[in-house]
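Me: Please look at the model below with me and discuss its charged side-chain contacts.

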Amino acid sequence: MSNSIINGSTVIGQGTRHGHFCVFGENVTIGQNCQIGHNVVIHEDSCIGDNVRIDDNAVIGKLPMKAANSAVTKDQELPPATIGANCIIGTGVVVYRGAGVGNKVLIADLSTVRENVLIGDFTIVGRGVAIENFCKIGRYCKLETNVYITAYSELEDRVFIAPCAATSNDNFVGRTEERFKHFKGVTVKKGGRIGVNATVLPGKTIGADALVAAGALVTRDCPDGKIMAGVPAKVFRDVPEEQLLKNQGWKE
């Protein structure tokens with residue numbers, strides 16, 4: 001526990017251990033029985049729940065950067081970053097100030113969670129995932145390796161997104177002033193699934209229990225309980241009855 005900078009106002013719970021060269025800012029609260037790796041930075045006012053593991057080189061509570069011509073990053077007062085109880089935060093993860101992470105969430109190595117993001121309990125955020133600002137991720141979701149969730153998106157509970165799936169929020173592709181009126185991310189309703197390497201265009205909704213096939217390009221809304229496939233994606237058939245959420249026997 002030597003060679004770390006701990007501000008005098010930081011509260012560290014009983015049984016918590018931290019590695020070398022950690023930096024804890026003003027008014028940080030760390031719960032009981034936490035494990036903090038080497039070179040971890042926890043910025044001011046951040047709140048970490050009990051039994052949380054934060055691996056080497058993670059950063060919690062980072063302030064957002066704002067480019068001069070950024071369309072979606074705003075100057076604003078942000079609440080502290082919060083990490084719920086029993087979470088695992090991987091190596092090199094960055095969780096921004098203004099992000100709220102629920103209980104028993106796993107955020108794997110090298111992922112980024114931006115400001116104004118909420119992540120529900122029991123969700124898994126895979127390796128290298130990027131969740132941009134103004135997003136809401138539900139409970140029991142799974143976002144696999146290198147998924148990109150664009151700003152202003154919402155994923156409801158039990159959503160599954162396969163590796164390398166991408167989303168977008170700008171139909172004007174960075175040109176004309178008109179685009180600033182129409183930024184909108186994607187919505188994935190409860191139990192919706194998106195296959196590997198699929199792309200979902202701005203403002204589109206993936207219905208409840210719907211499935212977007214691997215490699216699909218979604219240019220229109222996907223109805224509840226349907227499979228969409230192709231470029232551009234079209235309704236292919238119904239999701240098989242045995243794959244519907246109601247038939248999985250899962251408990252909330």
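Me: Is Lys142 buried or exposed, or does it fall in between?
Reply: Buried means under 20% relative accessible area and exposed over 50%, with partly exposed in between (1.4 Å probe, protein chains only). Lys142 has a relative accessible area of 33%, so the class of Lys142 is partly exposed.

Me: How is the model to be read?
Reply: This is a predicted model, in which local features need pLDDT of at least 70 and side-chain atom pairs count only at pLDDT 80 or more, while totals for chains, interfaces and linings use all residues. Residues are numbered from 1 along each chain as its sequence is written, and side-chain values use heavy atoms, with hydrogens and water left out.

Me: What is the distance between the closest N and O atoms of Glu115 and Arg114?
Reply: Glu115 counts as buried because its relative accessibility is 0%. Arg114 also counts as buried, at 12%. Both belong to a network of salt bridges that includes Glu132. The closest N and O atoms of Glu115 and Arg114 are apart by 2.9 Å.

Me: Which residue forms a salt bridge with Lys189?
Reply: Lys189 is partly exposed, with a relative accessible area of 32%. With the closest N and O atoms 3.5 Å apart, the residue bridged to Lys189 is Glu156.

Technical notes: Salt bridge = Lys/Arg side-chain N within 4 Å of Asp/Glu carboxyl O.
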